[in-house]
Amino acid sequence: MKSIIGNIAILGSGNIGLSLAYGLVKSNYQTASSIILTRRNVSGLSEQSGLGYQVSRDNSEAVSNASIIILAVLPQQLNGLLNEIKPVIEAKKHTVISVISGVSCNDIKSKLGEDVQVVRAMPNTAISIGQSMTCIASENATAENVDLVKGMFETVGSVVVINEELMTSATALCACGIAFFLRAIRAASQGGVEIGFHAEDALKMAVQTAKGAADLLLIHESHPESEIDKVTSPKGCTIAGLNEMEYHGFSSSLIKGIKLSALKAGGLYSEEK
C-alpha cells in the first residue's frame with residue numbers, strides 16, 4: 001500500500017471527516033499530527049487538538065500545508081470553499097478527495113482547474129466503527145492515486161471502485177442504505193414487542209439476528225435466497241411470514257425507496273448552484 005507523503009487536510013470536520021481521521025490513526029495508517037482538521041468554529045475541535053491533530057479555521061493554509069485534500073462540507077457550502085482554496089491548489093502537489101453527495105469530479109475541476117486530480121468517495125456512517133461500505137470513483141486520477149484513496153478508506157471498512165456514473169446510486173444503496181436497514185431492524189423489534197418480548201430484549205434479538213444474516217452472506221459468499229431456503233420448509237412459519245410481508249410490499253417498497261433516494265442524491269448539489 002502506498003504511503004502518503006505530507007499532511008492530509010480534512011476541510012469540514014463533521015461526522016464523516018472526523019470518523020475518517022480517527023480510522024486512519026487507529027489503523028496506524030497516519031499519525032494524528034499529520035492530519036489537519038478545519039472547521040469555521042475551531043472551538044468545536046478542542047478535543048481533537050488535545051489528541052494531537054492539527055486544527056485550523058483557515059482552509060487555504062490547511063491546503064498549502066497538505067498533499068491530500070478531503071472535501072467534507074455540505075453541498076451548499078462547497079462553492080464558497082472551492083473559491084477559497086483555488087488560489088493555493090497545485091495540480092502537481094494535491095490530490096482532491098470529495099465525500100460530498102451529488103458532486104461530480106467535473107463540478108470540482110471546473111472550479112479548481114481541469115488538471116487537478118479528483119477522486120470521489122462515498123462512505124456511510126458505519127465509518128465511525130470501521131465498518132463503512134465506501135465506493136470510490138474518478139474521472140482523471142491516476143491508477144496510483146485511486147489505489148492510494150482505496151487504501152485510505154480500507155482502514156475504515158470495505159471499498160469498491162466503481163464508474164463515476166454510478167456514484168449517486170452508491171449513495172442511495174450504501175449511504176442512505178444504513179437508514180433503510182436500521183428501519184427494518186426497528187420494525188422487527190417492534191414486531192417482537194407485539195408477540196411478547198420486552199422492548200430492550202426485542203431490539204437486542206433483532207439486531208443480532210440482522211448481524212447474523214449479514215455475516216452469513218459475507219462469510220459464505222452466498223446469495224440471500226440460498227440462505228432463505230435453509231430456513232423455509234413446506235407449510236412452515238417462515239415462508240408464511242415472508243409471503244405476508246411480500247403481499248404488503250416489503251421488497252417493492254425497499255426498491256422504490258432506494259430508487260427515489262438515488263434520484264434525490266443526484267440533485268443535491270445542482271439545487272445549490
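**Figure 1. E221 in the loop between helix 9 and helix 10.** In this predicted model, E221 sits in the loop that runs between helix 9 (199–220) and helix 10 (224–229). The phi angle of E221 is positive, about 50 degrees, although E221 is not a glycine. Most residues other than glycine have a negative phi. E221 has a relative accessibility of 72%, and because the cut-off for exposed is over 50%, E221 counts as exposed.

**Figure 2. K235 in the loop between helix 10 and helix 11.** Helix 11 covers residues 237–247, and K235 is in the loop between helix 10 and this helix. K235 is a residue other than glycine with a positive phi, near 60 degrees. The relative accessible area of K235 is 89%, so K235 is exposed.

**Figure 3. The aromatic pair of Y22 and Y53.** The count of aromatic pairs in the model comes to one. The ring centres of Y22 and Y53 are 6.1 Å apart and the ring planes stand at 65 degrees; planes over 60 degrees apart count as edge-to-face, so this pair is edge-to-face. Y22 is partly exposed, at 32% relative accessible area. Y53 has a relative accessibility of 6%, and because buried means under 20%, Y53 counts as buried.

**Figure 4. Strand 2 and its pairing with strand 1.** Strand 1 (residues 8–11) pairs with strand 2 in the parallel sense, over four bridges. Within this pairing, I10 stands opposite L37 of strand 2. Strand 2 spans residues 35–38. From strand 2, I35 and L37 point one way, while I36 and T38 point the other way. All four of these residues are buried. In a regular strand the side chains alternate between the two faces of the sheet.

**Figure 5. The second largest pocket.** This pocket has a volume of about 740 Å³. The second largest pocket is lined by 31 residues, and the closest to its centre are G12, A72, V73, L74 and Q77. Helix 1, helix 4 (75–85) and helix 7 (167–175) are the elements that give two or more residues to the lining. Helix 4 gives the most, with four residues. By residue class, the lining divides into 15 nonpolar, 12 polar and four charged residues.

**Figure 6. K109 and its contacts.** K109 is part of helix 5 (residues 105–112). The relative accessible area of K109 is 4%, which is under the 20% limit, so K109 is buried. Apart from neighbours within four places in sequence, K109 is in contact with E114, V116, V118, E139 and N140.

**Figure 7. F181 in helix 8.** Helix 8 covers residues 177–194, and F181 is one of its residues. F181 counts as exposed, because its relative accessibility is 55% and the cut-off is over 50%. The C-alpha atoms of F181 and A210 are 8.9 Å apart in space, and the two residues are 29 residues apart in sequence.

Conventions. Residues numbered from 1 in each chain as written. Predicted model: local features only at pLDDT ≥ 70, side-chain atom pairs only at ≥ 80, totals over all residues. Heavy atoms only, no water. Buried < 20%, exposed > 50% of the residue type's maximum accessible area, 1.4 Å probe, protein only. Phe/Tyr/Trp six-rings, centres within 6.5 Å; stacked < 30°, edge-to-face > 60°. 1 Å grid on protein atoms, 1.4 Å probe; cavity = no way out; pocket = protein on both sides within 12 Å on 5 of 7 lines; lining within 4 Å. Points joined across faces, edges and corners; volume = space filled by probe spheres on them. Nonpolar A, V, L, I, M, F, W, Y, C, P; charged D, E, K, R; others polar. Contact = heavy atoms within 4.5 Å. Pairing = 2+ DSSP bridges.
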